[in-house]
Amino acid sequence: MSDADILHAAKSRYAVGLMSGTSVDGIDAALVKIAGLPGTKVEVELVSFKNSPYPVRVRDEILALFDPEKATIDRVGRLNVWLGELFAEAALSVIAMSGLSPEDIAFIGSHGQTLYHSPEAENIDGYDLRYTVQIGEGAVIAARTGITCISDFRVADMAAGGQGAPLVPFTEYLLYGEEKRTLLLQNIGGIGNMTVIPAGCAAEDVFAFDTGPGNMLIDGVVTRLTHGAKTMDAGGVIARGGRPDSGLLSLLMQEPYYSRGLPKSTGRELFGTAYVDRLLNYQQEFGLTDADLVATVTRLSVRSIGDAYRRFVRDRYSADLLIVGGGGSYNPVLMEGLKQEMASLGVQVLSQEDLGFHSDAKEAMTFALLADYTLANRPNNLPGVTGAEKPVVMGKISLSNPGGDRERGAKT
């Protein structure tokens, strides 16, 4: 351990993590206190959390640019800077909410907003090209806050042959691993993703993958059926008034993604607008009410999670507990279905809140911790999860001043 490492390990530091997911409901900002040296035992304490909803105009622009035909260079470039301004405001807001000042913050880690993610290699002129687009300019965040910002994490993993996703399992292993229980951590955001942490495992034993749609299809269907009056099934009210259609559910479960081998990840490119169009066509074909269709896509999220456990986990590790986070954990119909689904497989289901944690803050906290590893020049991906050829240091650094300020926010 170098003298610099010893000094760093002796200090705690405040950091902000920023996240905007595939549901596009706003910017999650988590202010955390980190103690310990990256690469050893690190402790993370949530100090404060705030969600800043997107203005309607901004959300509409993000949703529009999910369509590659509309994502012209000028619109993407403008939105990249525009979101940088909003991310900076979100960071400053959560800092003020905590009673701290920007000078107390060592760094910001920002995931940004994904516009497009293409993790499967496309061979052109002998090059295997994988690409991804996350916007919310880190240089703007650093300039507006006066705090060094680390952003654009996925590309380093993809350059090493990985899928650039999922990234959260790296920190889940650090913070949740147990000696005697095998844990599943299921995030249900726009997309669902599962992390498998075997009892007493090493980092290379952890694996994770996207299970399929989380809230994305539910939100998409509700938005279309209500002509935009609602953008989600709050409290599962609509789904509870309907009945899942077993025939349509069986048809939807034939989606090839579910049986594709690991590693794998997915997103709006598969389960986006075109998929919602198909669902509305199926509604007519199967003669379903609006509530029946919402109930069916809600059950699809549940079924895809159970199916993923059966296909890719159960024969390797018999899990004891599935811990659910993300917006889907607040949908009681989805959670009731998931508890029934996993109980039949001998797995208990609890939410992050059941364990005293914070579902909404979890992913934002991840990017604060990933950024801590970036600045310490330590690998922060899991090749066994993403498929990368080797461990790499992810994240691009936007300094707040020419000399950098790594020692900002350090607490003895």
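1. Glu 336 is partly exposed, with a relative accessible area of 38%, where buried means under 20% relative accessible area, exposed over 50% and partly exposed in between (1.4 Å probe, protein chains only). Glu 336 forms a salt bridge with Arg 240, the closest N and O atoms being 3.1 Å apart, a salt bridge being a side-chain nitrogen of Lys or Arg within 4 Å of a carboxyl oxygen of Asp or Glu. The pair links distant parts of the chain, 96 residues apart, with Arg 240 in helix α8 (residues 237–240) and Glu 336 in helix α13. Arg 240 counts as partly exposed, at 47% relative accessibility.

2. Please keep in mind that this is a predicted model, in which local features need pLDDT of at least 70 and side-chain atom pairs count only at pLDDT 80 or more, while totals for chains, interfaces and linings use all residues. Residues are numbered from 1 along each chain as its sequence is written, and side-chain values use heavy atoms, with hydrogens and water left out.

3. Helix α13 (residues 332–343) also packs with helix α12 (residues 290–312), and their axes come within 9 Å and cross at roughly 30°; helices (H or I, at least four residues) and strands (E, at least two) are DSSP runs, numbered from the N terminus. The axes are lines fitted to C-alpha atoms, for helices over the stretch in contact, and angles run from 0 to 180 degrees between N-to-C directions. The two helices α12 and α13 are therefore roughly parallel to each other, a label for angles under 35 degrees, whereas over 145 is roughly antiparallel, 65 to 115 roughly perpendicular and the rest oblique.

4. A salt bridge joins Arg 303 and Glu 341, with the closest N and O atoms 3.8 Å apart. Arg 303 lies in helix α12 and Glu 341 in helix α13, so the pair ties together parts that are 38 residues apart in sequence. Arg 303 counts as partly exposed at 29% relative accessibility, whereas Glu 341 is buried, with a relative accessible area of 10%.

5. The structure holds 13 salt bridges, and one of them is formed by Glu 61 and Arg 78, with the closest N and O atoms 3.4 Å apart. This pair links distant parts of the chain, with Glu 61 in helix α2 (residues 56–65) and Arg 78 in helix α3 (residues 73–97), 17 residues apart. Glu 61 counts as buried at 12% relative accessibility, while Arg 78 counts as partly exposed at 49%.

6. Two backbone features deserve a look by eye. Most residues other than glycine have a negative phi, and most peptide bonds are trans. Val 24, although not a glycine, has a positive phi of about 55°; Val 24 is found in the loop between β1 (12–20) and β2 (27–35) and counts as buried at 0% relative accessibility. Asp 152 likewise has a positive phi of about 55°, and Asp 152 counts as buried at 17% relative accessibility.

7. A cis peptide bond joins Ala 165 and Pro 166, with omega about -10°, and Pro 166 has its place in the loop between α5 (154–159) and α6 (168–176). The peptide bond from Leu 262 to Pro 263 is cis as well, with omega near -5°, and Pro 263 lies in the loop between α9 (246–252) and α10 (268–271).
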